[in-house]
Amino acid sequence: MTTATTTGPVTRAVGTSHIRLEGRDKVTGAARYAADFPAADLAHGWIVVSTVARGRIRSVDDGPVLKMPGVLAVLHHDNAPRLKEDFSGTFGPDATTQVLQHDRVPHMGWPVAFVVAETPEQAREAAEALVVTYDAEPHDVDFRPGHPGSYTPESTNVGPARTDKGDVEAELAASDVVVDVQYSTAEEHHNPMEPHAAMARWDSGRLEVVDATQGAYATAQDLAQLFGLDPASVHLRSEHVGGGFGCKAQVRAHLILAVMATTLLGRPVRVALTRHQMFSLIGHRSPTAQRVRLGADAEGRLRALEHTALSATSTVREFIEPSAMYGRSMYDASGHRTVNSAVRLDVPTPTYMRAPGEAPGSFALECALDELAEQCGVDPIALRARNEPAAGPVSGLPFAGRRLLDCFAEGARRFGWAERDPRPGVRRDGHWLIGTGTAASTFFTGAFPATAAVTACADGTFTVRITAADIGTGARTALTQLAADALDVELDRVQVLIADSDFGNAWLAGGSMGTRSWGWAVTLAARELRERLDLGAAIPPDGITVRSDTREAVSALAAYERHAYGAQFAEVAVHPGSGEIRVRRMLGVFAAGRIINPLTARSQLTGGMIWGLSMALHEEAVRDAASGGLANADFAGYHIAAHADVPAIEVDWLDDPDPDDPVGIKGIGEIGGVGSAAAIANAVWHATGVRHRDLPIRPDRVLMSAAAPMEPDHAGHR
């Protein structure tokens, strides 16, 4: 036995920049993703998806395909293993899991068959040769305000669908200034760098799975329920995940089909989606149609705030994009109403996408506030200061820290906001019109229970085990920093193992709650272990392990409005002749809890702001009314901000630790993408004098909505 000792002063890790511990493995190709794991006697699957948007499968002519070289099986609704019909998993009831269980086709791109062969090339060739006939039915993919099928549910995935306070109509009638405007955002898709993939096999009576998932434990539990298995018999790993953004947060068709096939064939099966398939098989952000009504006195103090939002959901599973939720924690008014409605269409089921609800909701409300500021003749930042609430506008709860106005003050100073001429359309740079805009941002701060185990090894090192997920955020590195500080040792003495369902329950990487939830558990276990060692505990050859479970601590959190906040600033140049918009610079200042790793945190916040830029100017999935499918389900037609579109982006933060978290963490994964689209849209108005209320702001929309011809400047430019 040995006794652990710490020699020399220890450098504190939390709050200092560290490159990602797995960075070298990723850039050298040593890091293995779900589609990279080898297995003896590996077979390959290919998903066949429907070519009609609504109807029933009349027949699957699998006979000729089964005779093709290398083909091992063709699964379809007549022969596939049965799944639990009333499945309710991590995110509640989910009928999207019922693949190959019936002959109904709810949307174009629904899985109708699964071909398994010796090689991926053989599987794809056979899948493309498979003849599936349908009895097609009339479909409806027409998302629009006023759709007769729209309805308001009781609740959304994150709270009540509707909130009411006071008399909105009376307050609007008594207001000196009223803004009543409609906004829309387009259907958006996640498009992580790594397409979804999974490999499944049975080994000694245990289902071994490698999947591209944001939550190994949750996915393993859901798989066990779907297939009627003992949860202990399902082992799932996802050591490296190449981006997720919400689309990898739940069980998807590719994983279910891989498990079906390996169960039938008795050999490992891998399936990897194509980029085109990801536009229908893994969810997306619904388009939205939003209306904002604001009533205020002459100085811009709100009397009425109404935000209603319509989103699309599928006929398979209800998912509401809660855009109207954004203002519930941001701005108060005597009359306050928010409503999230939906319409069921014959489209794939939407899902969580980075900053669900807040991203499209902030665009509408933050732009409406900019319009109110213009009508009142008040600076947009001053308007927000005049409407700073003392408590949660809807909940009435006290704030657990709210430094929004501090973010605006620091951002305005650094951006040079005081020198801004508030008049639109007056600043030029040659042919270009120049404008600046700002918007607020917020995202709720939460925590889920998690378990962790920390082991002191006989060689003086420490091993942490937790079912966390690193989807490119640097979570593995941040957890190592947290453990090192809690143990009071150098970083190189700590090894963190993640993304293994055998490590126990832990929240997935989502909702800006990953590092906070996992870090809480790791910190508690590491601190207890350090206390034991400080008391002189001897370390046996197999080490000393301390386990933590934060269930009681998380459930004991006092009721507060818990949020991270930020202020976004943007400068744009608009060419009146071509309609081109160039974002010249962006600044985001955030109050988002204690920052564990400034290097990776800056990357996260910058990435979120680029998401907002892409949402504002580029991203738009176009659904074809005739076929019911997407007209641009690839990177040639679905435009994403590229390097040339991204300007100088500056990110910083204020000291803002959460007093109820053992380390002070809040969360940073989502908030960078909140408010940035609104800041850009407000800057486009300031440049041109024309409001754009529909995203993306394409060049053709700039040209079509241009006001009267602008007066030439002194250089003769228009």
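**Exercise 1. Salt bridges**

Find how many salt bridges a search of the whole structure gives. Then state where D41 and R267 lie.

*Solution.* 
Step 1. The model is a predicted one.
Step 2. Side chains of opposite charge can pair when their charged atoms come close.
Step 3. Take the pair D41 and R267. Their closest N and O atoms are 2.9 Å apart. The cut-off is 4 Å, and the pair forms a salt bridge.
Step 4. D41 sits in the loop between α1 (23-28) and β2 (43-49). R267 sits in the loop between α6 and β17 (269-272). The two parts are 226 residues apart in sequence, so this pair ties them together.

**Exercise 2. The helix pair α5 and α6**

Determine how α5 and α6 are oriented to each other, and which residues meet.

*Solution.* 
Step 1. Two packed helices are described by the angle between their axes and the distance between the axes.
Step 2. Read them off. Helix α5 spans residues 216-227 and helix α6 residues 253-265. Their axes come within 11 Å and cross at roughly 55°.
Step 3. Classify. Angles under 35 degrees count as roughly parallel, and 65 to 115 as roughly perpendicular. α5 and α6 are therefore oblique to each other.
Step 4. The crossing is right-handed.
Step 5. List the contacts. α5 contributes T219, L223, L226 and F227. α6 contributes L255, I256, V259 and M260. Seven of the residues in this contact are nonpolar, one is polar and none is charged.

**Exercise 3. The four-stranded sheet**

Give the strand order, and name the strands at the edges.

*Solution.* 
Step 1. Write the order: β25-β24-β23-β27. The sheet is open and its pairing is mixed.
Step 2. Find the edges. β25 (494-497) and β27 (544-549) each have a single partner strand, so one side of each is left without a neighbour in the sheet.
Step 3. Neighbouring strands are turned by 15° against each other on average, direction ignored.
Step 4. Look at one pairing. β24 (residues 462-465) and β25 are parallel, with four bridges. F462 has V494 of β25 as its bridge partner.
Step 5. α11 (residues 475-487) lies across β23 (451-456), β24 and β25, at about 135° to β25. α12 (residues 514-534) touches β23, β24 and β27, and its direction makes about 140° with that of β27.

**Exercise 4. The helix pair α11 and α12**

Classify the arrangement of α11 and α12, then describe the residues in their contact.

*Solution.* 
Step 1. The axes come within 8 Å and cross at roughly 30°.
Step 2. That makes α11 roughly parallel to α12. The crossing is right-handed.
Step 3. The α11 side includes A475, L479 and L482. The α12 side includes W518, V522 and R530.
Step 4. Sort the contact residues: 11 nonpolar, three polar and three charged.

**Exercise 5. The three-stranded sheet**

State the strand order, and identify the residue opposite R56.

*Solution.* 
Step 1. The order is β7-β3-β9, in an open sheet with antiparallel pairing.
Step 2. β7 (104-105) and β9 (131-136) stand at the edges. Each has a single partner strand, so one side of each lacks a neighbour in the sheet.
Step 3. β3 (residues 55-61) and β7 are joined by two bridges. R56 stands opposite R104 in β7.

Technical notes
Residues numbered from 1 in each chain as written. Predicted model: local features only at pLDDT ≥ 70, side-chain atom pairs only at ≥ 80, totals over all residues. Heavy atoms only, no water. Pairing = 2+ DSSP bridges. Axes fitted to C-alpha atoms, helices over the stretch in contact; angles between N-to-C directions. Contact = heavy atoms within 4.5 Å. Parallel < 35°, antiparallel > 145°, perpendicular 65-115°, else oblique. Left-handed = near helix turned anticlockwise from the far one by under 90°. Nonpolar A, V, L, I, M, F, W, Y, C, P; charged D, E, K, R; others polar. Salt bridge = Lys/Arg side-chain N within 4 Å of Asp/Glu carboxyl O.
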